[in-house]
Amino acid sequence: MAIFFSLTTPVGIMIGIGISSAYNENSPTALIVEGILDAAAAGILNYMALVDLLAEDFMNPRVRKSGRLQLIISISLLVGIALMSLLGIWA
């Protein structure tokens, strides 16, 4: 994966430099493509966070046995979501 990343990153940079002169950031096509790519990136981030990271924490035997710990983790999750949403106002 490191080799793949080290080879594809310069290619992506070259493509970006190549299209930067013809790119109009206010065109409807550019806005639609940017929106689709942003939505895909956000979806992948949500999936990774909820399925791969949080599921492991909630399935921990110690957490499953303690209702108090489940409540604390759930409240912490909701507070974190609220804070990230608040941060999104300025993004």
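Ile 89 lies in the segment after α4; helices here are DSSP runs (H or I, at least four residues), numbered from the N terminus. The model is predicted, so local features need pLDDT of at least 70 and side-chain atom pairs pLDDT 80 or more, while totals for chains, interfaces and linings use all residues. Residues are numbered from 1 along each chain, and side-chain values use heavy atoms, without hydrogens or water.

Ile 89 is exposed, at 60% relative accessible area (exposed means over 50%, with a 1.4 Å probe and protein chains only). Ile 89 also belongs to a nonpolar surface patch of about 760 Å².

The largest pocket has a volume of about 310 Å³. A pocket is an open set of points on a 1 Å grid, with protein on both sides within 12 Å along at least five of seven lines; lining residues have an atom within 4 Å of a point. Helices α2 (28–58) and α4 (67–88) each supply at least two lining residues. Among them are Leu 45, Asn 46, Leu 77 and Met 84. The lining comprises 8 nonpolar, 4 polar and no charged residues; Gly counts as polar.

Pro 28 is in helix α2. Pro 28 is exposed, at 60% relative accessibility. Its C-alpha atom is separated by 37 Å from that of Leu 77, 49 residues apart along the chain.

Conventions:
1 Å grid on protein atoms, 1.4 Å probe; cavity = no way out; pocket = protein on both sides within 12 Å on 5 of 7 lines; lining within 4 Å. Points joined across faces, edges and corners; volume = space filled by probe spheres on them. Patch = residues over 30% accessible without salt bridge, like charges linked within 9 Å, V, L, I, M, F, W, Y side chains within 5 Å. Areas by Shrake-Rupley, 256 points an atom, 1.4 Å probe, with all protein chains shown as cover. Salt bridge = Lys/Arg side-chain N within 4 Å of Asp/Glu carboxyl O. Buried < 20%, exposed > 50% of the residue type's maximum accessible area, 1.4 Å probe, protein only.
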